[in-house]
Amino acid sequence: MMTLTINGKRTEASGGAILDVAKANGIRIPTLCHHPALAPQGACRLCLVEVKGMRALQPACTFPVTEGMEVQTDSPKVRAARKFVLELLLSDHPQDCMTCEMCGNCALQDLIYEYGVKETPFAGDRHLYPLDDRDPFILRDMEKCIRCRRCIRACDEIQAVNAITMINRGFRSKVAAAFDTRLQDSNCVFCGQCISVCPTGALTEKDSHGLGRAWQIEKVTTICPYCGVGCTLDLNLRDGRVIKATSNWNDSVNRGVLCVKGRFGWQFLHNPDRLTRPLMRSSLWREISGTEGTPAKYDGFVETDWETALDTVADKLSAARTAYGPDAVGILASAKCTNEENYLVQKLARREIGTNNVDHCARL
Amino acid sequence: MTIEELERIRVEVNQELAARGEQAMPNGELKPPRPGEVRVVLRNCGQINPERIEEYIARDGYFALCKALNMTPEQVIDEVKSSGLRGRGGAGFPAGQKWLFARQALAARPAPADGAPAAYLICNGDEGDPGAFMDRAVLEGDPHSVLEGMAIAAYAMGATQSYIYVRAEYPVAVEHLQTAIPQARQLGLLGKNIFGKGFDFDVDIRIGAGAFVCGEETALIDSIEGRRGEPRPRPPFPAVSGLWGKPTSVNNVETLANVPQILLKGADWFAGMGTEKSKGTKTFAIAGKVKNTGLIEVPMGITLREIIYDIGGGILNDKQFKAAQTGGPLGGCLPAKYLDTPIDFESLVAAGSLMGSGGLIVLDENDCMVDVARFFMDFTQDESCGKCPPCSLGTRRLLEILTRLTRAEGTEKDMQTLEYLTENISMASLCALGQGSVNPVVTTMRHFREEYEAHVLDKFCPSGVCKGMFHYEIIADTCNGCGACRLKCPDKVIKGAKKEPHEIDLANCIVCGDCYKACKFAAIAIRPGPTPRSRLPNL
Amino acid sequence: MTNSIDDLAKAKAFFVIGSNTTEQHPIIGAGMKRAVRKGATLIVADPRRIELARMAAIHLMHRPGSDIALLNGLCHVIIREDLHDKEFVANRTEGFEEMKALLEGYTPARVEEITGIPAADIQKAARLYAASRPAAILYSMGITQHASGHAAVMAVANLAMLCGNIGVEGGGVYPLRGQNNVQGACDMGCLPAVFPGYQQVANPEARIKFEKAWGVSLSDKPGLTVVEMMNAAHAGKLKAMYVMGENPLVTDPDLQHVEAGLKRLDFLAVQDIFFTETAALADVILPGNAFAEKQGTFTNTERRVQLVRRAVEPPGEAGSDWQIISAIAGRLAGDKASWEYDSPAAIMAEAAALTPQYAGISHERLEKGGIQWPCPSPDHPGTKILHVGQFSRGLGKFSAVEHIPPVEQTDAEYPLILTTGRRLQHYHSGSMTHRVAGLNTLLPEERMEIHPADASSLGLADGDMALIESRRGQVKSRVQLTERIKPGVVFMTFHFPETAVNLLTIAALDPVAKIPEYKVAAVRVKRAE
Ligand SMILES: Cc1cc2nc3c(=O)[nH]c(=O)nc-3n(C[C@H](O)[C@H](O)[C@H](O)COP(=O)(O)O)c2cc1C
Ligand code: SF4
Ligand code: SF4
Ligand code: SF4
Ligand code: SF4
Ligand code: SF4
Ligand code: FES
């Protein structure tokens, strides 16, 4: 344990970066390039603090606490430096909050607001890049990029893919795949991890554009429907529809990491092909009702109501059982369905039909 | 290898050399020492064949390593510490202290299980400073002195593997190292169990990535690890967690080349040269408006006046000294009032500049200080790695303003913005490149404010450099009508009869400056205001 | 899976066999890549140069269907060179001597003959695996989807036990489950021989327990597996089927046979969210709910039971699957009340009471996060690692298993081995992923992988259409020339119904696990005109 002073208040810490110790003491230090899932890199300079005895300001996200250290996290000098950095960032930013997908969920916007940077004192060149919509799922608006490199680090540290890097130096540096190609032409696996950590509107979910802003969204935490890893994800809803799936950093299986199917594979939910009414083979319907019925959009099928459908299924299963014995009936459960549904299905087979002919695609 | 064998080679080769007689080895720009110079680092350059290890041994080479290996690492560190040797790569950190930190960090952690080296030494030969070439001179002319220094440093800090990182633009240096390293291995001066003392040590060459910032030690480490070289925040310092996360000492070529001499001649000898806090000698690469340019090595504490006037032979064309830019693009411009200040790490910093790697550019009355600032800013903003906004965006904004100032487009607000930018960039940047990038601007604004004001308020460049911000006028009283200017004028706009005062037709003058340079009688003056044909097009 | 996903970060070495982890279980794959970058050793055995192979210390490119020989060969070398964990073998296992005797025959030279892997590589891999502890073994359908799959699983266990890699952090055996809730469906007794919790239907004690709970007498005769049901349907013995959320007409082997079987049924009901290939043959189609419309639980590959939450309303009249089943069952029971549940939580309460592994699990508890079974009581935290200190059966048993060649061998007529698998961008029969525009952009169609050497002798260029035929059927597919695949082997996925690879696969079953041999079929390939 060591003792240090933050903003005049004595506190104890066992180690770690100033940022973490401050946080544990209820002191918020603004950050941009920092992300809890990524190694700190001290690039954005938003978290600068005064450390007694040091000439230059130091980044709280990387600077370790030491015994007897005296830190100021919100002095005029510190605030002035942060404002300066924000003014610089703003001088190279499109200021498009009105139509920006990230408005209300943007770390840059929040800080510009907090520090009251109404306009930038620096007139000068601004990056002009065309909107990069060459790829599915990921929309890249590099004019909004603040070059915090969270995306690059996520692709490297979390995903171990390294599809994107910084190209060029200094003012001209830009996040891109090698040779600035489409992501499709790189080794990108479209996990969207880069989007999940991007603090601004530079990287966003293409399919979700215009569908809802942060404060219009309700999130429901659930489990990915695809592979056996069972990743936790947050479905983002607006007006009762899924408009996006996002990382949930608190879960214990995938810890905020998703693959392309989990993050982007939700569109089928609202596909017009979804079955919405019970259907019956036209010949069967004719046999039961003696009428032609309402044709469904699939050849040879008519629409029916739930009562008729359920009655028919029960009647037919029971007829087969009566005529040929319980083992003439087979039931396929599903590795896609819930435990509860599967429990009921096998119970149906065993208890009501009397057969153990119940299986599923366990072996796929 | 044993000391006896080493001694045998020394004697033999010295006889051979005596028989060969005085025969200087060609070594680029390096001239023979001038009065006032003291050669420690450069002592062998041009004197021995750098591709023959025996000639290095003949000049006491590798005796220091043998001596060091008979001492404990702690004793070596103490010796170098008490010599007062400080890093020559720019920051001036005490070399022995750095090794001690690395050694302590090494002791504090468990030995690596995978058999990888536990600690590394890196020799920084990136020398990205434009105009500096002292490291190249040593690497090309005396590579073994660096290798020997590295071996001693590695022994002191506890490294067994090292890298020497050489700038890609130095093919000869690389070639000489590629010759020197196998030679040393062959004689058992590198490799396993050196001098039978159980010390293993080897050197690998790494070629630089071609960026100035890769000379910064943490960026250099990234670059060796195969990533894009970008500085990281310190702490953790490389001494604690450097290459592959292991304790690492990064030392400059010149720093290391001093080490064998210190071991041989003793700390006191070295500490006998220089000032209170800066010991030994320093190499400088003199350039600009001085009669004798090139590489020199002088004791710390020498004054600028001694360097420029005694060794450098004075200002070219006997013009007026205006300023000396020291420390390269991250250093500052010192005006005449510093001519008699003894030069060392502290005094240069106090004056707003840096020792840097030892670049020294002499400026005269025809150098515009705003343009000089713009020139350096153009370099640094281009070399900024882009990692942190204060530097990557800030230097760009500085460059934009300075460019405006030199194009007669500056405003008073620009002056305030310049100050605002420089203050904050130095405060908020991640590495010394960003932090130091403002020094040329800060020092020129501090010492030559009137030039800035002339540019902003009068749209006048008093030094006659910034196009469209001045014109020439022939002073009738001084002009003796020699006609030199008239003959030189490419557009033939100077009129005047022989022996009569000449006159420039301003309406047609393009302000190329040929007449100004041609006049031997200082009869042409620089006056405010552009001529119609010297106005710059709008950008 | 004996250990947890988290645990992988602690492994010093990985042996990945029959799992293209970065595509099939991407999150686990990425975790492994991170660990390898930090210094863990990776050994990959796969007939394809999968992404992981690129960072592997060694890649063993064995012939499909030679897994047991390879695993036995590794064990042989480890024992011969005395690299095994003698303490673990002595204290925690039995059957070592018998296995050792059998392994005598699996010399690197012989294994080279069977697998096509150079003997030196087998030795190197064995030494690498034995040298790093703890080491985890990951496998997937590449091991199981063979007629000898069950024996191969035992061979994997032998290797793990030999080096004491069971019951330790960072060690273990990871059979990676393909679908989101295969684990749960098995746990819940959707298998022909077991009740929920793997309690055998043939075991009178278990049966009595369920008879008591359900108030009826139950059959003691193990039922039919999927493939057996299809055979029975084909033979006219199975008359009616109820299919919930599966699409056997794309995913099952030997599709012509499946189709004929389904068509012979008197009655077929399908409950699904889309009009699938199987639904097209149904008499009644019941529209069900997609995951986002459900409340319930999934159990992932590390035995973690997790809460699935209802986020959106189902479209139109699509019904809750649990209510659909209850409604049908209630009708069959002639007593609707006996099938009335308040909620999925109530169903779980009933299931948990009958499933020892789930006894301590309830929706209420799961609100706070998933729980790994076995979880025997409400205050039990769940089990991260199985077999710590002791195997569930007491001593771990080494099973001496012999290499069994694939059922179908290549011959002059069908000279190539077809092996099947999946890709990252699509899922199964594609009924979900083909309805995600971006996934179709990334992977629009099937491209059969074939080695350039094979392709050139067949006159095939990259992107050409080829006709692939087996003894059971034929499909057309575009080809992709790649050195990723071993010469003599071609690779296809079953994601594209229009390129239904299962028309080619063989329905040969493993005698114990009843898993079809998806991984090896003999085929011939020619240019499609
Ligand atoms: C932008 C930048 C460039 C640098 N380039 C060099 C260089 O080319 N050579 C060098 O020795 N040090 C260079 N340094 C200094 C190194 O970071 C480091 O301080 C030095 O190599 C340490 O060696 P020393 O202690 O022997 O001086 C540079 C620093 C900065 C900030
Ligand atoms: S990225 Fe942020 S600051 Fe930029 S336009 Fe979008 S919301 Fe505004
Ligand atoms: S989507 Fe994933 S793989 Fe692609 S660039 Fe982003 S982080 Fe990297
Ligand atoms: S794209 Fe986003 S995450 Fe990446 S550097 Fe730019 S702002 Fe940061
Ligand atoms: S997000 Fe990807 S890895 Fe995770 S469960 Fe879904 S499909 Fe599997
Ligand atoms: S100060 Fe400049 S060179 Fe240094 S890290 Fe920042 S951007 Fe890069
Ligand atoms: S958050 Fe610390 S520098 Fe970016």
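A salt bridge here is a side-chain nitrogen of Lys or Arg within 4 Å of a carboxyl oxygen of Asp or Glu. By that rule C:Glu408 forms a salt bridge with C:Arg472, with 2.9 Å between the closest N and O atoms, and the structure holds 93 salt bridges over all chains. This is a predicted model, in which local features need pLDDT of at least 70 and side-chain atom pairs count only at pLDDT 80 or more, while totals for chains, interfaces and linings use all residues. Residues are numbered from 1 along each chain as its sequence is written, chains are lettered from A and ligands numbered from 1 in the order in which they are written, and side-chain values use heavy atoms, with hydrogens and water left out.

**Salt bridges**

- Helices (H or I, at least four residues) and strands (E, at least two) are DSSP runs, numbered from the N terminus.
- Buried means under 20% relative accessible area, exposed over 50%, and partly exposed in between (1.4 Å probe, protein chains only).
- C:Glu408 is buried at 8%, and C:Arg472 is buried at 14%.
- Salt bridges that share partners join A:Asp125, B:Arg396, B:Arg397 and B:Glu400 into one network.
- In chain B, the side chains of B:Glu473 and B:Arg527 meet in a salt bridge with an N to O distance of 3.4 Å.
- That pair links distant parts of the chain, 54 residues apart, with B:Glu473 in strand E11 (residues 471–474) and B:Arg527 in strand E14 (residues 524–527) of chain B.
- B:Glu473 is partly exposed, with a relative accessible area of 34%, and B:Arg527 is partly exposed at 30%.

**Interface of chain C and chain A**

- Contact means heavy atoms within 4.5 Å.
- Of the 2 pairs of chains in contact, chains A and C share the most contacts; no contact joins chain B and chain C, whose closest C-alpha atoms lie 9 Å apart.
- On the two sides of the interface, 147 residues of chain C are in contact with 107 residues of chain A.
- Buried area is the accessible area (1.4 Å probe) that two parts lose on being put together, summed over both.
- Between chain C and chain A this area is about 10900 Å², of which carbon and sulfur atoms give 64%.
- C:Ile27, C:Phe291 and C:Leu332 supply 6% of the area that chain C buries against chain A, more than any other three residues.
- The interface of chain C and chain A has 11 salt bridges.
- One salt bridge joins the side chains of C:Glu293 and A:Arg274 (2.8 Å, N to O).
- Another salt bridge joins the side chains of C:Glu350 and A:Lys347 (2.8 Å, N to O).
- The latter pair crosses between chains, from helix H17 of chain C, which holds C:Glu350, to helix H9 of chain A, which holds A:Lys347.
- C:Glu350 is partly exposed at 22% relative accessibility, whereas A:Lys347 is buried at 5%.

**Helix H12 of chain C**

- The buried residues of helix H12 (residues 204–214) of chain C are C:Ala206, C:Arg207, C:Phe210 and C:Trp214.
- Seen down the axis of H12(C), these residues fall within an arc of 95 degrees, so they line one face of the helix; the arc is that of the directions from the helix axis to the C-beta atoms.
- C:Glu205 and C:Lys212 are exposed residues on the face turned away from the buried side of H12(C).
- The buried residues of H12(C) pack against helix H9 (339–353) of chain A, together with strand E7 (194–195), strand E8 (199–200) and helix H17 (344–354) of chain C.
- C:Asn203 caps the N-terminal end of H12(C), with a side-chain oxygen 2.9 Å from the backbone nitrogen of C:Glu205.
- Just after H12(C), C:Gly215 takes a positive phi of about 70 degrees.

**Surroundings of C:Thr21**

- C:Thr21 is in helix H1 (residues 21–24) of chain C and is buried, with a relative accessible area of 0%.
- Leaving aside neighbours within four places in sequence, C:Thr21 is in contact with C:Val16, C:Pro26, C:Ile28, C:Gly29, C:Met32, C:Leu52 and C:Leu176.

Terms used. A polar contact is a pair of N or O atoms within 3.5 Å; within protein, one must be able to donate a hydrogen and the other to accept it, and residues adjacent in sequence count only if both atoms are side-chain atoms.
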